[in-house]
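Please open the model in your viewer and keep the selection panel at hand.

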Amino acid sequence: MESEVLLYEGKAKKLFKTNEEDVLRVVYLDQATALNGQKKDAVVGKGALNNQITAHLFQRLADKNVPSHFLQLVSKHEQLIRAVAMIPLEVVVRNTAAGSFSKRLGIEEGTKLPKPIVEFYYKEDRLDDPFINDDHVFYLGLASEEELDQIKTLALQVNAALLEIFANINIRLIDFKIEIGKTKKGELLLADEISPDTCRLWDMGTNEHLDKDVYRRDLGDIVPVYEEVLNRLEKENSACI
């Protein structure tokens, strides 16, 4: 399948049209960004790791009946996806206080929340992706009330599945961000990626960061950290076959 047209280039991915209708090719880039792009570095090997981790997790989620745009892995850096219209929302699910949640509410990082909390952020770079509520979503016309209920249900379904997947490899899922796409028929699907770039992951035994906070907070090299996540996922998958 040959790519024809570059449709989009973002901070971490390029998106190409293919010669198959409604099928796109995603190329993951060797680039790390943080603070809404204010911090940016080339990191050799990062793109391949995020691509493979995302493919692995989307396949595992499909086994748990979570619908997504993922079709198949085609190389270490590339995957094929269904074309969807992206809803400009970042949907965050939090199981444990950390990051901006801790700063905003004065709650110590690592405090387990009594139940998962779902948050919404308006995906708009020029506004630094502001935190918004349901009424803001409706006012901005980002989703209907029915669609927002579906998005929340899907987010919590993803959370339940990821908690189990990561617990099986001794990783604690602190929080994560997902994005949602809509097909031409109006079906809502999990889209974008799920990787250490979009999740906070702590080792269950040591609380060591296994995510992009290593880069955000200048804690070290993220490539060995991401490799550890992928290695654990692949090892656990092999053990289940």
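How much area do domain 1 and domain 2 bury between them? They bury about 3,100 Å², 61% of it on carbon and sulfur atoms; buried area is the accessible area (1.4 Å probe) that two parts lose on being put together, summed over both. The model is predicted: local features need pLDDT of at least 70 and side-chain atom pairs pLDDT 80 or more, whereas totals for chains, interfaces and linings use all residues. Residues are numbered from 1 along each chain as its sequence is written, and side-chain values use heavy atoms, without hydrogens and water.

Select residues 5-82 for domain 1 and 86-239 for domain 2, bounds that come from an automatic or database domain assignment. Their centres, taken over C-alpha atoms, are 16 Å apart.

Next, select Ile 53, Leu 57 and Arg 60. These residues supply 17% of the area that domain 1 buries against domain 2, more than any other three residues.

Then display Lys 64 and Glu 164, which form a salt bridge with their closest N and O atoms 3.3 Å apart. The count between the two domains is nine salt bridges, each a side-chain nitrogen of Lys or Arg within 4 Å of a carboxyl oxygen of Asp or Glu.
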